[in-house]
Amino acid sequence: KWKDIHPGTEFRCFVRNKNLIAISPRDWPQFHEHFKTQKRDILKDIVSLFKEKIKEKFPIENYCFDVIRQTKDHVKILDFSPFNEKFTAALAFDWEYLNGDEIIATNDDEEECDNPEFRYLAENVGIQPHSRNNYGFPQELIEMFKANNQQEVNLAQLAIDQIDENE
């Protein structure tokens, strides 16, 4: 059954050395008022899901995963992606920061896992540009094509050209 997903309920989670180190809204950089009032519950729900369902079961040490949290205590996994700037957008973070020493992530640090950094826009600063809207393709598809070698056929550009021709 198809369900519409409100963009303010999707989050990207970054895991390094099997520890949840950062969380960003997938709809970055858009403002969602409920983030400010529900920050503690959002973090608690995502950290609980990570610890109960993912941390000890997922075989890779460094990865990202996307979740949807439509209501309190109800978080669902949408997908997993590489902890890699070529394939996964850092959204509210940058890859230099996520890979840097500012975030200490060790397998033994249970407290670190309980307290990932959650970045979001704290106030409405007006309409923000959203790069996905430029092309009408899913973000992951655009990122996949960006990662390909220049010698390979750029299917995204071909599709865009074809759309332009049809207009």
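## Close-up views of a predicted model

**View 1. Asp 73 in the loop between E3 and strand E4.** Asp 73 lies in the loop between E3 and strand E4, the latter covering residues 74-82. In this predicted model, the backbone of Asp 73 takes a positive phi of about 70°, although the residue is not a glycine.

**View 2. The salt bridge between Asp 66 and Arg 12.** A search of the whole structure returns five salt bridges, and one of them joins the side chains of Asp 66 and Arg 12, with an N to O distance of 2.8 Å. Asp 66 belongs to strand E3 (residues 63-71) and Arg 12 to strand E1 (residues 10-16), so the contact ties together parts of the chain that are 54 residues apart in sequence. Both partners, Asp 66 and Arg 12, are buried.

View 3. Asp 66 counts as buried at 2% relative accessibility, and Arg 26 counts as buried at 9%. Taken together, Arg 12, Arg 26 and Asp 66 are linked in a network of salt bridges.

**View 4. The salt bridge between Arg 69 and Asp 45.** The side chains of Arg 69 and Asp 45 meet in a salt bridge with an N to O distance of 2.7 Å. Here too the pair links distant parts of the chain, with Arg 69 in strand E3 and Asp 45 in helix H1, 24 residues apart. Arg 69 is buried, as is Asp 45.

View 5. A disulfide is a covalent bond between the sulfur atoms of two cysteines. A search of the whole structure finds zero disulfides. For Cys 13, the closest cysteine sulfur is that of Cys 64, at 8.8 Å, which is too far for a bond, because a disulfide requires the two sulfur atoms to be within 2.5 Å. Seen from the other partner, the closest cysteine sulfur to that of Cys 64 is in Cys 13, at 8.8 Å and again too far for a bond. Cys 13 has 0% relative accessibility and counts as buried, and Cys 64, also at 0%, counts as buried.

**View 6. A negative surface patch that includes Glu 96.** Asp 94, Glu 96, Asp 101 and Glu 102 form a negative surface patch. Among these residues, Glu 96 is found in helix H2, which covers residues 95-99. Glu 96 has a relative accessible area of 70% and is therefore classed as exposed, the cut-off for that class being over 50%.

Note on methods: Residues numbered from 1 in each chain as written. Predicted model: local features only at pLDDT ≥ 70, side-chain atom pairs only at ≥ 80, totals over all residues. Heavy atoms only, no water. Patch = residues over 30% accessible without salt bridge, like charges linked within 9 Å, V, L, I, M, F, W, Y side chains within 5 Å. Areas by Shrake-Rupley, 256 points an atom, 1.4 Å probe, with all protein chains shown as cover. Salt bridge = Lys/Arg side-chain N within 4 Å of Asp/Glu carboxyl O. Lys, Arg positive; Asp, Glu negative; His and termini not counted. Charge placed at Lys NZ, Arg CZ, Asp CG, Glu CD. Helix = DSSP H or I, 4+ residues; strand = E, 2+ residues; numbered from the N terminus. Buried < 20%, exposed > 50% of the residue type's maximum accessible area, 1.4 Å probe, protein only.
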